[in-house]
Amino acid sequence: KLAAARSEVAGIAADMTSVFVADAADRIVHAAKQVASALGGHGSAIRERTAPIAGYPGVDTVTVRRRIAGAVLEAGQHPI
């Protein structure tokens, strides 16, 4: 909606979303690995199903988080 409205904060909102998605994917893969390990030989199906998520290329979250922090500091509050 922000991008459609050509809002100046649309880029920061997209950055926040990409960091959230990258972190969520990491948490999912980590939890799936723990479950697969606990299931022993039966965990192979879980490993196969989480392989596409594990292959997610990720985001340079350090750079993106710095951009978000800069926007927060510049606005003096949460920018969105």
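Start by selecting helix H1 (residues 10–39) and helix H2 (residues 44–54), whose axes come within 10 Å and cross at roughly 160 degrees. Axes here are lines fitted to C-alpha atoms, for helices over the stretch in contact, with angles from 0 to 180 degrees between N-to-C directions. Helices are DSSP runs of H or I with at least four residues, numbered from the N terminus. The angle makes H1 roughly antiparallel to H2, a term used for angles over 145 degrees. The crossing of the two helices is left-handed, meaning that the near helix is turned anticlockwise from the far one by less than a right angle.

This is a predicted model, in which local features need pLDDT of at least 70 and side-chain atom pairs count only at pLDDT 80 or more, while totals for chains, interfaces and linings use all residues. Residues are numbered from 1 along each chain as its sequence is written, and side-chain values use heavy atoms, with hydrogens and water left out.

Next, select Val19, in helix H1. Val19 counts as buried because its relative accessibility is 7% (buried is under 20% relative accessible area, with a 1.4 Å probe and protein chains only). Now show Thr61, Val64, Arg65 and Ile68: Val19 touches these, leaving aside residues up to four places away in sequence. Contact means heavy atoms within 4.5 Å.

Finish at Glu8, in the segment before H1. Glu8 counts as exposed, at 79% relative accessibility (exposed is over 50%). Select Ile80 too: its C-alpha lies 9.8 Å from that of Glu8, and the two are 72 residues apart in sequence.

Notes
Angles under 35 degrees count as roughly parallel, over 145 as roughly antiparallel, 65 to 115 as roughly perpendicular and the rest as oblique.
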